[in-house]
Amino acid sequence: MARILIVEDEEKMARFVELELMHEGYETGKASDGRSGLEMALSGEYDLMVLDVMLPGLNGLEVLRRLRLTSSLPVILLTARDAVMDKVSGLEMGADDYMTKPFAIEELLARIRLALRKAGQSREKAAARELSCREVTLNLDSREVSVKGTPVELTSREFDLLKTFLENKNIVLSRDSLIEKVWGFSYFGETNVVDVYVRYLRQKIDDPFGIDLIHTVRGVGYVVKD
Ligand code: CA
């Protein structure tokens, strides 16, 4: 079950929301000022934050602004009825939703469910667009490659070859099938172009990072193993 962080300085309100969330089966955490709320939000232990705007220390909008520098944690803002500006700036700053006080708890619960569902969907989508093996990560949208968190520059052919290897993990690929997948059927050059490009990849990935990503299978071709 999802873990929800409540950042609210009004003890009665915080307790009320917490009890309702626990009743729904959520795990909860509470903070009563902006600084500790931000710290807890950044801990990675929560799936969503309910964040009051009027807080001592850092106010809710400042907590949100700082959080968004590094985190996409879903945030539902609690704003005062007449604070139209808070809603506008809150949404501009990356709040996922807001509730105006006083609110019906059922509506807050519905918005929490919705925000969690959306976050889950975008996580799945993001996951599907990335390939990885060992410490090598390849992003299919941005075409960025990193090894141990360090970006690596690849030419577009090198990228396509690495992508083919990562899509076929633990499967030995012959030179012919690599040529077909990476260079296309219309390629009529030498098959040793594969060896040349494997060497380029090893020079950029295996050697500098001390990993053994691409294995040679003598007489057959190459394989990338988990
Ligand atoms: Ca407050």
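Trainee: How many helices and strands are there in the protein?

Mentor: The model before us is a predicted one. In it, the protein has 8 helices and 12 strands.

Trainee: What is the radius of gyration of the protein, and what would a compact globule of 226 residues have?

Mentor: The protein has a radius of gyration of 25 Å, whereas a compact globule of 226 residues would have one near 17 Å.

Trainee: Into which domains is the protein divided?

Mentor: Domain 1 covers residues 3-126, and domain 2 covers residues 130-224. Between the C-alpha centres of domain 1 and domain 2 there are 43 Å.

Trainee: What share of the contacts in the protein with a separation of 6 or more comes from residues 24 or more positions apart?

Mentor: Such residues account for 54% of those contacts. Glu158 and Tyr200 are 42 residues apart along the chain, yet 7.6 Å separates their C-alpha atoms.

Trainee: Where is the place of Glu158, and which residues is Glu158 in contact with, leaving aside its neighbours within four places in sequence?

Mentor: Glu158 belongs to helix 6. Its contacts, with neighbours within four places in sequence left aside, are Glu153, Tyr197, Tyr200, Leu201 and Lys204.

Trainee: Is Glu158 buried or exposed?

Mentor: The term "buried" applies to a residue with under 20% relative accessible area. Glu158 has a relative accessible area of 4%, and therefore counts as buried. For the protein as a whole, 42% of the 226 residues are buried.

Trainee: Where is the place of Asn168, and is Asn168 buried or exposed?

Mentor: Asn168 lies in the loop that runs between helix 6 (156-167) and strand 10 (173-174). Its relative accessible area is 15%, so Asn168 is buried. Apart from neighbours within four places in sequence, Asn168 is in contact with Leu173 and Lys181.

Trainee: What is the accessible surface of the protein, and what part of it belongs to carbon and sulfur atoms?

Mentor: The accessible surface amounts to about 12500 Å², and carbon and sulfur atoms hold 49% of it.

Trainee: How many positive and negative charges does the protein have, and how far apart are their mean positions?

Mentor: There are 31 positive and 38 negative charges in the protein.

Methods. Residues numbered from 1 in each chain as written. Predicted model: local features only at pLDDT ≥ 70, side-chain atom pairs only at ≥ 80, totals over all residues. Heavy atoms only, no water. Helix = DSSP H or I, 4+ residues; strand = E, 2+ residues; numbered from the N terminus. Rg over C-alpha atoms; globule rule 2.2 N^0.38 Å. Buried < 20%, exposed > 50% of the residue type's maximum accessible area, 1.4 Å probe, protein only. Contact = heavy atoms within 4.5 Å. Areas by Shrake-Rupley, 256 points an atom, 1.4 Å probe, with all protein chains shown as cover. Lys, Arg positive; Asp, Glu negative; His and termini not counted. Charge placed at Lys NZ, Arg CZ, Asp CG, Glu CD. Domains from an automatic or database assignment.
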